[in-house]
Every structure is written in C-alpha cells, then in structure tokens.
Amino acid sequence: MTIDNKKMTASLEDYLEAIYFLNGKNDYVRVTDIAARLGISKPSVNRAVNTLKERGLVEHEHYGSLKLTEEGTSIAKAVAERHMMLKKFFMEILGVDEATASEEACEIEHVLSADTINKMSEYLKANS
C-alpha cells in the first residue's frame, strides 16, 4: 500500500490497525492505549503517530486523543480485514489455535499480495 508514493511499512500499518480497533472500543484513543496494545513504549508510539500525522492519516493534538482521518480509516480497515480473514483461515481451515492464528496473521497480513488475499477469502466463502 502506498501513500504519496511512500510505501506503508508493516509497523505503520500495525499502528493504524491498533487505533482502528481501539477506537471501536472507546470514543477516544490515547498514545498510552496504543503502547499497551502493541506492547511498546510511549515514545515509540509518539514517533509513529507523528509520521502518520505528517502523512495525513491521523489527527492528534499534543497530549490529546487520536483520530483516524478518512484515508487512515480506509487503510486501517483494509489491514484489519486482512488480519481477520487470515486468522479465520488459519483457525477454520488449518486448525491453528486462536492465539497463534492471530499472531501469525499479524505478521503475514503485510506481505501477501491482494490476489492471494482475495483467493483465500474466496476459498473461505466457498468452504465455510
């Protein structure tokens, strides 16, 4: 996925996905919440949030809550959908336990082509 001709890194996609999921649980998302979800330091989150803000993917006031922009939401939703589809595939088709399926889906969601993701999704629909 690219933004302004700059490739989105797996790490930045993970931040967007975390904000997306956290926003579904609360009306606001704080740097502390993201750090806790991803198991990383607040300074690391702040650096990533600044990068996402520069790319126009999040809105964030200093020490305030975060909000995904429309473009940020679109990217985050796509990453989340890939994650959930892969997790489902691993659990239902391969019989992988939920924790392992979720962890491995998070790693793989960033590297599979759209074509592969679409074919796996079609397979799930036909065989579920």
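Me: What makes a pair of side chains a salt bridge?
Reply: A salt bridge is a side-chain nitrogen of Lys or Arg lying within 4 Å of a carboxyl oxygen of Asp or Glu. In this predicted model, the structure holds four salt bridges.

Me: Why is the pair Arg82 and Glu13 called a salt bridge?
Reply: The N to O distance between their side chains is 3.2 Å. The cut-off is within 4 Å, and therefore the pair qualifies. Arg82 lies in helix 4 (residues 70-93) and Glu13 in helix 1, so the pair ties together parts that are 69 residues apart in sequence.

Me: How do you know whether Arg82 and Glu13 are buried or exposed?
Reply: Buried means under 20% relative accessible area. Arg82 has 15% and Glu13 has 4%, so both residues are buried.

Me: Why is the pair Asp33 and Arg30 called a salt bridge?
Reply: Their side chains meet at 2.8 Å, N to O; because the definition asks for a distance within 4 Å, the pair qualifies. Asp33, with a relative accessible area of 16%, is buried, whereas Arg30, at 39%, counts as partly exposed.

Me: In which helix is Asp33 found, and what covers the buried residues there?
Reply: Asp33 belongs to helix 2 (residues 31-38), where Val31, Ile34 and Ala35 are buried as well. The cover over the buried residues of helix 2 includes helix 1 (10-25), helix 3 (42-54), strand 3 (58-60) and strand 4 (66-68). Just after helix 2, Gly39 takes a positive phi of about 70°.

Me: What separates Lys119 and Asp115, and why is the pair called a salt bridge?
Reply: The two residues are four residues apart in helix 6 (residues 114-127), so about one helical turn separates them. Lys119, at 51%, is exposed, since exposed means over 50%. Asp115, at 45%, is partly exposed.

Me: What makes Glu103 exposed, and which residues gather with Glu103 in a patch?
Reply: Glu103 has 56% relative accessibility; because exposed means over 50%, the residue counts as exposed.

How values were computed. Residues are numbered from 1 along each chain as its sequence is written. This is a predicted model: local features need pLDDT of at least 70, side-chain atom pairs count only at pLDDT 80 or more; totals for chains, interfaces and linings use all residues. Side-chain values use heavy atoms; hydrogens and water are left out. Buried means under 20% relative accessible area, exposed over 50%, partly exposed in between (1.4 Å probe, protein chains only). Contact means heavy atoms within 4.5 Å.
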